[in-house]
Amino acid sequence: MSDDTNRQAAPDDPERRDVLKFAAAGALGAVYAGLVGYPVYKYLASPIEKAAAETVVTEMVVEGGAALPKNAALMFKFGAKPAMLIHHEDGSYSALSAVCTHLGCTASYEPDQKRIFCACHGGVYDALTGANVSGPPPKPLTAFKVQVTDGKIVVRRA
Amino acid sequence: MAKSSSVAPESRVYRWLDERLGISEIVELAGKKRVPEHKHSFWYYWGGITLFFFLVMCVTGVLLLVYYRPGDGAYESVRLITYDIKFGWLVRSIHSWSANLMVAAAFVHMFSAFFMKAYRRPREFLWFTGIGLLSLSMLFGFSGYLLPMDELAYFATKVGLAIPATIPVVGPWIADLARGGPEVGAYTVSRFFALHVVVLPAMFVPLLGIHLALVQKHGMSIPESEQAKPEKARKSIPFFPNFAMKDMAVWLIALNVLGFLAAVYPWQLGPAADSLMPAPMDIHPEWYFMSSFQILKWFGNWFPGALGEFLGIAVFNVGVLLWAIVPFFDPEKRSGVWGRRVTWFGIFVVFVILLTTIWGYAVLPAGK
């Protein structure tokens with residue numbers, strides 16, 4: 001084996017030809033793998049791209065939001081993800097992402113305790129601001145801007 | 001020892017794996033295996049080509065399964081795949097083209113085996129399993145054709161299921177059971193779907209396993225012209241790597257042909273099936289059912305009424321049965337009277353299939 005390392009491969013060395021052959025086969029294989037792999041990946045990733053395009057939504061009217069009674073919440077889809085509109089006792093509104101920042105369950109508003117609760121692991125958020133109050137959530141819920149115009153509730157990415 | 005890689009025979013990893021998996025036995029077997037080479041060697045590739053298209057269909061079939069929905073939403077889901085999902089049109093087109101090319105390759109494989117008399121003793125079960133695989137392939141084709149639930153699929157299935165319905169006594173019962181009701185509809189799609197993705201593969205794969213195992217057991221069949229030569233005059237090449245490399249080269253050609261056809265002639269999706277719409281003027285079955293379709297039409301013309309249809313089906317089935325049991329007529333290595341008769345029977349069958357297929361297309365009214 002040791003004498004092998006010192007040997008200089010001549011151009012017509014069968015070993016060198018083998019290496020070239022493998023390199024050519026490898027390159028061709030890579031081209032075909034790409035030609036087959038790319039469409040397959042794009043095909044499987046299609047819904048992901050679509051969802052990503054949907055989250056580009058920065059502003060929307062919450063259907064039925066104006067009819068929401070006080071101390072109640074309405075779930076709606078903001079882009080691809082669930083969100084909630086809360087009508088507080090004082091007449092103000094807040095719009096928050098409903099995706100718990102702990103492990104991504106959907107949280108909900110509890111009117112009797114006036115808080116947002118995630119049933120999966122007991123995370124609690126403030127209903128006004130979305131701040132994480134207790135339990136495992138590491139971050140507050142994303143808050144959106146709410147505007148009431150012409151009797152319509154418009155939610156906007158902050 | 002020029003190079004030492006991690007899987008070289010002397011390496012510890014190799015020894016560890018070999019002791020547990022018996023790799024060296026397989027390597028030795030693969031090293032010994034040889035493939036005969038002669039002027040008819042070309043036909044040896046067609047079984048492999050058929051297998052290649054089958055594998056392509058397994059892969060694209062699973063991909064289609066990701067978005068396809070049987071039942072009421074069938075057409076909408078195929079519309080989504082074809083027009084909405086990225087490269088969905090290509091995946092579907094490859095699946096459909098591959099199906100057609102697989103049936104075509106299987107036919108070439110079958111006729112080459114027939115005329116080279118590869119069904120003779122002791123290879124009878126290679127022939128029988130091959131016939132079984134081709135029959136299942138055609139059922140794959142028939143059941144898969146309905147799944148998009150477009151106009152053509154709907155009528156092809158309607159007509160296709162009208163054929164078993166003409167069998168006396170049990171026919172209507174069989175047709176109703178296949179349709180899941182008196183009409184082709186969402187229930188039919190669901191049961192064809194179950195057939196297409198579960199039942200048929202579960203039958204096809206083990207049968208294919210037996211077919212391939214038997215090829216290993218008996219080796220490649222050699223035609224009579226080669227058998228006549230003394231053992232020493234016959235040429236052969238090692239299976240590995242020589243034949244395997246050639247096989248891969250042929251697969252690469254097959255992949256290129258498939259890719260070209262699928263991309264340049266993408267499979268179309270017609271309007272959604274509507275049971276109140278009249279059948280399109282140029283309605284016809286897939287090309288591999290065209291011959292039987294035409295034969296049934298002939299008998300229907302010669303003997304009007306139920307008798308004609310029944311006779312057509314009977315004659316057709318007797319023909320298929322004779323074809324399937326041909327090893328029993330011509331079992332011996334040396335061709336005798338029966339060997340020649342069987343060859344003439346094969347030529348007759350090829351002639352009838354070609355004639356009726358061309359005829360079938362020729363008499364189609366001009367459609368779209």
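This is a predicted model: local features need pLDDT of at least 70, side-chain atom pairs count only at pLDDT 80 or more; totals for chains, interfaces and linings use all residues.
Trainee: Where does A:Ala107 lie, and which residues is A:Ala107 in contact with?

Mentor: Helices (H or I, at least four residues) and strands (E, at least two) are DSSP runs numbered from the N terminus. A:Ala107 sits in the loop that joins strand S4 (93-97) to strand S5 (108-110) of chain A. Contact means heavy atoms within 4.5 Å. Beyond neighbours within four places in sequence, A:Ala107 is in contact with A:Met75, A:Met84, A:Ala98, A:Ile116, A:Phe117 and A:Cys118.

Trainee: How is chain B divided into domains?

Mentor: Domain bounds come from an automatic or database domain assignment. For chain B this gives domain 1 (12-279) and domain 2 (281-368). The C-alpha centres of these two domains of chain B are 21 Å apart, and their contact takes 32 residues from domain 1 and 32 residues from domain 2. Chain A is assigned domain 1 (2-54) and domain 2 (59-156), with 50 Å between their C-alpha centres.

Trainee: What is the volume of the second largest pocket?

Mentor: Rolling a probe the size of a water molecule over the atoms shows where empty space is left. A pocket is an open set of points, on a 1 Å grid over the protein atoms alone, where a 1.4 Å probe fits, with protein on both sides within 12 Å along at least five of seven lines; lining residues have an atom within 4 Å of a point. The second largest pocket has a volume of about 1,400 Å³, counted as the space filled by probe spheres set on the points. Of its 50 lining residues, the closest to the centre are B:His95, B:Ser96, B:Gly144, B:Tyr145 and B:Trp267. Elements giving two or more residues to this lining include helix H3 (45-65), helix H6 (124-146) and helix H12 (287-302) of chain B, and H5(B) gives the most, with eight residues.

Trainee: Why does the second largest pocket lie between domain 1 and domain 2 of chain B?

Mentor: Both domain 1 (12-279) and domain 2 (281-368) of chain B give residues to its lining, so the pocket lies between them. The lining holds 33 nonpolar, 11 polar and six charged residues, where Ala, Val, Leu, Ile, Met, Phe, Trp, Tyr, Cys and Pro are nonpolar, Asp, Glu, Lys and Arg charged, and the others, Gly among them, polar.

Trainee: Which residues does B:His211 touch, and which does B:Arg179 touch?

Mentor: B:His211 belongs to helix H9 (residues 186-218) of chain B and counts as buried at 12% relative accessibility. Not counting residues up to four places away in sequence, B:His211 touches B:His109, B:Leu126, B:Thr129, B:Gly130 and B:Leu133. B:Arg179, in helix H8 (residues 171-179) of chain B, counts as buried at 13%. With residues up to four places away in sequence again not counted, B:Arg179 touches B:Leu161, B:Val184, B:Tyr187, B:Thr188 and B:Arg191.

Note on methods. Residues are numbered from 1 along each chain as its sequence is written. Chains are lettered from A and ligands numbered from 1 in the order in which they are written. Side-chain values use heavy atoms; hydrogens and water are left out. Buried means under 20% relative accessible area, exposed over 50%, partly exposed in between (1.4 Å probe, protein chains only).
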